[in-house]
Amino acid sequence: MEMEKKIEFVEGKVDWKGRAAVKQKHGGMRTAFLILATFGFENMATLALAVNLVTYFNGVMHFEISDAANQLTNFAGTGYILSIAMAIVADSFLGRFKTLLISASFEFLGLALLTVQAHYPKLQPPICNVFDPTASCEKVSGGNAALLFIALYMLAAGAAGVKATLPSHGADQFEEKDPKEAQQMSSFFNMLLLAVCLGGVVSLTLIVWIQDNRGWDWGFGISTIAMFLGVVVFFSGLPMYRIQAVQGTSALIEIIQVYVAAIRNRNLTLPSDPSDLYEIHTDKEASIEEEFLPHRPVFGFLDKAAVKRGQNDNRESVNPWKLCRVTQVENAKILLGMVPIFLCTIIMTLCLAQLQTFSIQQGVTMDTSVTKHFKIPPASLPIIPIMFLVIIIPVYDRIFVPLASKFTGIPSGITHLQRIGVGLVLSCVSMGVAGIMEVKRKDVARDHNMLDAIPVLQPLPISTFWLSFQYFIFGIADMFTYVGLLEFFYSEAPKGLKSISTCFLWSSMALGYFFSTVLVKIVNAATHGSNGGWLAGNNINRNHLNLFYWLLSGMSFLNFFVYLFVSRRYKYRPGSPMLLTKEDKEDEL
């Protein structure tokens, strides 16, 4: 009898052999740390690419700066948008663990192919100085271009699968109904960013330095090894994981059914009493197997999907494309309510894309000396906000959150929407500061008659650390908005969409990267003149990057007011911890 009390099974989770997961044996923070380490290794392998790949495209493959920036944003955007497809595959067919292994293999092979191409000169265009205005550099083409893009998009597909499965698999190690584990889950999302930062520290220092000083083949090779180590660490925790069983059906199909049924029933009259809408009985096995949500008076047009046509409607005879449960309708409402929040965060990634592209090119033209004998690679500049985040994230999680929670009664200290809003404001400030720093940089170039100076060989007499201000501010914005989004989407999403929900963040980032490509082309076309546009050509000293930064700052400012409007109208799902205030907790006690 005493032994039975000690063994506690976790509902809906199994171990690697398909047996019910035991709470004391499987999951918890110890397995979460393995997942965090894996994400750290994956970020170590890929972050250097995100900040330095433009230099590779421009200096080795001979794309123009704006084209190189667009190639990077297209690559990053593809990786993020594919995460949704990977999440559907994981939930409905393969499971997260198998999806992860296949995705990691693709990511590993992509990095290996990049290493091979960077090692053999025959697979690259002839060596040429793209900054020499008299040179006629040949851009990568033919079979070499095909090899480059095959490697890149294998890497993008693999990264999509890893991003789709790792965060949700980590959250699965905790049980939301257990107050202690619910708090640990909140800490897990904060530590997720910390793991990214720690991996980023190595990537932005060691790997970037190797890429710039030892060669791109060495840099890509180290990234390949890091990815392999990440897979080994993840696989080592297999006997201890709580594994979400494969659903077999996609919850997205159930959401689509609500819209189809609502359209089919558009001419039916809604009952005056919401209890007359269709719902299964909450007795016997149904109360255990099914999720139940109360009706809410929002998005009333979707309620038509639950209007019964006759008294003979029962669970066995119901066509789900004509009649849906109230809970199913409420899940669709929750998802629809999250869409405006999702859309308001896209522009922040659009701003992030510029720090990974044009800001790196700014740094290439500046003095990168730290001491007389050491120069920091411009692509390592994001190390400044990352080092700050390594310190501030534990402080935020261990000090600010418990302190704020005492006043608000909210487990995360402040609401998810408040956290996201703070980050959106800071991203606006970051772009404004970036424009000011660019004016200062160009003034130095003009005052010293160095507008046509060759980057790296003729650095401007201004320290590259002036750019750290924009990176620093945006780094704090990262901590608030992106982690807030992950936790918001996971906690608010319907039960059957928990894993797919974390991909909404990656989708937001994907659209931001794609819109960056479009915006650069629109700006160049709209400002086309004697110099070809604000961002045209390879000479950043004669471009108008400062105006582009201020345009983004203005767009971010307007976006924040739109966010204020939609966030104030958002209704948290029933039972959300965000609805439980300090007074409510005291009443419960």
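User: Is His62 buried or exposed?
Analyst: The model is predicted, with local features requiring pLDDT of at least 70 and side-chain atom pairs pLDDT 80 or more, whereas totals for chains, interfaces and linings use all residues. Residues are numbered from 1 along each chain as its sequence is written, and side-chain values use heavy atoms, without hydrogens and water. His62 lies in the loop between α2 and α3 (65–94), where helices (H or I, at least four residues) and strands (E, at least two) are DSSP runs numbered from the N terminus. Its relative accessible area is 8%, and under 20% counts as buried, over 50% as exposed and in between as partly exposed (1.4 Å probe, protein chains only), so His62 is buried.

User: What is the phi of His62?
Analyst: His62 is not a glycine.

User: Which class of accessibility does Phe299 fall into?
Analyst: Phe299 is placed in the loop between α9 (286–289) and α10 (326–344). Phe299 is a residue other than glycine with a positive phi, near 45°. With a relative accessible area of 33%, Phe299 is partly exposed.

User: At what angle do α2 and α3 pack, and how are they oriented?
Analyst: Two packed helices are described by the angle between their axes and the distance between the axes. Axes are lines fitted to C-alpha atoms, for helices over the stretch in contact, and angles run from 0 to 180 degrees between N-to-C directions. The axes of α2 and α3 are 9 Å apart, at an angle of about 140°. Angles under 35 degrees count as roughly parallel, over 145 as roughly antiparallel, 65 to 115 as roughly perpendicular and the rest as oblique, so α2 is oblique to α3.

User: How many nonpolar residues does the contact of α2 with α3 have?
Analyst: Leu49, Ala50, Leu53, Val54, Phe57 and Asn58 of α2 meet Ile65, Ala68, Ala69, Gln71, Leu72 and Phe75 of α3, contact being heavy atoms within 4.5 Å. Ala, Val, Leu, Ile, Met, Phe, Trp, Tyr, Cys and Pro count as nonpolar, Asp, Glu, Lys and Arg as charged, and the others, Gly among them, as polar. In this contact no residues are charged and 2 are polar; the nonpolar residues number 10.

User: What is the handedness of the crossing of α3 and α5?
Analyst: The axes of α3 and α5 come within 7 Å and cross at roughly 45°, which makes α3 oblique to α5. A crossing is left-handed if the near helix is turned anticlockwise from the far one by less than a right angle, and right-handed if clockwise. The crossing of α3 and α5 is right-handed.

User: How are α11 and α18 oriented to each other?
Analyst: Helix α11 (residues 346–356) and helix α18 (residues 545–569) have axes that come within 10 Å and cross at roughly 160°. Their crossing is left-handed. The contact involves Ile347, Leu350, Cys351 and Gln354 of α11, together with Phe548, Tyr549, Leu552, Met555, Ser556 and Asn559 of α18. The two helices are therefore roughly antiparallel.

User: What distance separates the C-alpha atoms of Pro382 and Phe474?
Analyst: Pro382 occupies the loop between β4 (366–367) and α13 (383–408) and is buried, at 10% relative accessible area. Leaving out residues up to four places away in sequence, Pro382 touches Val51, Leu204 and Tyr471. Pro382 and Phe474 are 92 residues apart along the chain, and their C-alpha atoms are separated by 9.6 Å.
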